[in-house]
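Visitor: I have a few minutes before my next run. Can you walk me through this one?
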Amino acid sequence: MVLLIGAASFLGPPVLKKLLENNYYVNCLVRTDSDRSRLLDAARSAGKKITFSTGNLQSGDSIISAIKKAKSAVYMVDLKYTHLLETFLHTVKRTGLKRVVFISSTTVLIPLECMVKKQKIYSENLIKNSGLDYTILRPSMIYGCPDDTNFSKMIRFIKRKGFFITFGSGNNLIQPIYIEDVADSIVNVLDNKKTYQKIYNIAGKDPLKYNEMLDIVRNKLKKKFKVIKIPIKLSILLISIYSKIFKNPSLTPGQIERMAINKSYPYDKAREDFNFSPVSFEDGIEKLIKELEA
Ligand SMILES: NC(=O)c1ccc[n+]([C@@H]2O[C@H](COP(=O)([O-])OP(=O)(O)OC[C@H]3O[C@@H](n4cnc5c(N)ncnc54)[C@H](OP(=O)(O)O)[C@@H]3O)[C@@H](O)[C@H]2O)c1
């Protein structure tokens, strides 16, 4: 039995589907008010049954029986929540569970200091010292399902407004990963002992410039749209003002700074150890556009 922790996240349903297709029994750890509908849909489309355990990572006691039942686990809660990981690692010690795949992020590799990066590095260190048979996967920006907050959001915006706003010149590199490639990676490392106690970057097939990505989106959408480019310094100034005016700003100056840096991530180790072979951005975005149109 595999325990999916953070199962109701946007990553949960595709991971669940792949696990079921590969004949794993899956128990999904969810909170009382988590939305289970997409997990039930994924199970239905794989023609398999799943179980749920209700618990909150804030309390070890509420998750211990779910952990005890599991032979392995996939931890998909954001590692920036260091206290939740600490509770999980403490609780695991009270059980016989040894094998856990953790989803981190390439944020730990960016050449900028920020709180999220510090929190994730701290969490990765806790995992490395946990005594578990861990594998840490570090995906780059994930896209490819209607709930992703990256390209799905962008495509919907372009379709509605007919334009798009970018911060900076657009000459920086990005290497987003298609969600199915993340799900495949999880399934391919789960029982692969070669991947124990290792960390892998996983990203899209090739890095591409942000502007090239926009051209591909334009071609695949078959729709002309304007791109309004705001110079990076002005963007940071505007977002600083905006984030002071609004209580819960959807963008922060730090995010703008991170958007403009080069993000390309070699994945040779992943290719060697579990045949990681991601799709190109052209293919991934085409699938996403079709899914959004269906
Ligand atoms: N978005 C990207 O481009 C990207 C890139 C790289 C890596 N990732 C990684 O992908 C994973 C999923 O991303 P996400 O943004 O959906 O992560 P998230 O915001 O941490 O949510 C993941 C799940 O964690 C659950 N959760 C949160 N607090 C909990 C608690 N106290 N007890 C039990 N469950 C709790 C949530 O449950 P509820 O459904 O009940 O809220 C949700 O289903 C994360 O590990 C993230 O770091 C994402």
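Predicted model: local features only at pLDDT ≥ 70, side-chain atom pairs only at ≥ 80, totals over all residues.

Visitor: Is Leu19 buried or exposed?
Guide: Buried. Its relative accessibility is 0%, and the cut-off for buried is under 20%, so Leu19 qualifies.

Visitor: Which residues does Leu19 touch, leaving out those up to four places away in sequence?
Guide: Val2, Leu4, Tyr24, Val26, Val187 and Leu190.

Visitor: How far apart are Leu19 and Lys220 in space?
Guide: 30 Å, C-alpha to C-alpha. Along the sequence, 201 residues separate Leu19 and Lys220.

Visitor: Switching to domains. What does the assignment give?
Guide: Domain 1 covers 2–139. Domain 2 is written as two pieces, 151–172 and 208–259.

Visitor: And how far apart are the C-alpha centres of domain 1 and domain 2?
Guide: They lie 31 Å apart.

Visitor: OK, Lys198 next. Where does it lie?
Guide: In strand E11, which runs over residues 198–202.

Visitor: How does Lys198 count for accessibility, and why?
Guide: As partly exposed, because its relative accessibility is 29%. That class lies between the 20% and 50% cut-offs.

Visitor: What does Lys198 touch?
Guide: Tyr134, Thr135, Ile136 and Asp273. Again, residues up to four places away in sequence are not counted.

Visitor: What about the spacing of Lys198 and Asn248?
Guide: Their C-alpha atoms are separated by 37 Å. Along the chain, Lys198 and Asn248 are 50 residues apart.

Visitor: Now the ligand. How many residues surround it, and which are the closest?
Guide: 23 residues surround the ligand. The closest are Arg31, Ser34, Asn56, Leu57 and Asp78.

Visitor: What does Ser34 do there, in terms of atoms?
Guide: A polar atom of the Ser34 side chain lies 2.5 Å from a ligand oxygen.

Visitor: Which part of Leu57 is 2.8 Å from a nitrogen atom of the ligand?
Guide: A polar backbone atom. Ile103 also uses its backbone: an N or O atom there lies 3.4 Å from an oxygen atom of the ligand.

Visitor: How much of the ligand's accessible area does the protein cover?
Guide: 80%. On its own, the ligand has 900 Å² of accessible area.

Visitor: Last one. What is the make-up of the shell by class?
Guide: There are 12 nonpolar, eight polar and three charged residues around the ligand.

Terms used: Residues numbered from 1 in each chain as written. Heavy atoms only, no water. Buried < 20%, exposed > 50% of the residue type's maximum accessible area, 1.4 Å probe, protein only. Contact = heavy atoms within 4.5 Å. Domains from an automatic or database assignment. Helix = DSSP H or I, 4+ residues; strand = E, 2+ residues; numbered from the N terminus. Near = heavy atom within 4 Å. Polar contact = N/O pair within 3.5 Å; in protein donor to acceptor, adjacent residues only side chain to side chain. Areas by Shrake-Rupley, 256 points an atom, 1.4 Å probe, with all protein chains shown as cover. Nonpolar A, V, L, I, M, F, W, Y, C, P; charged D, E, K, R; others polar.
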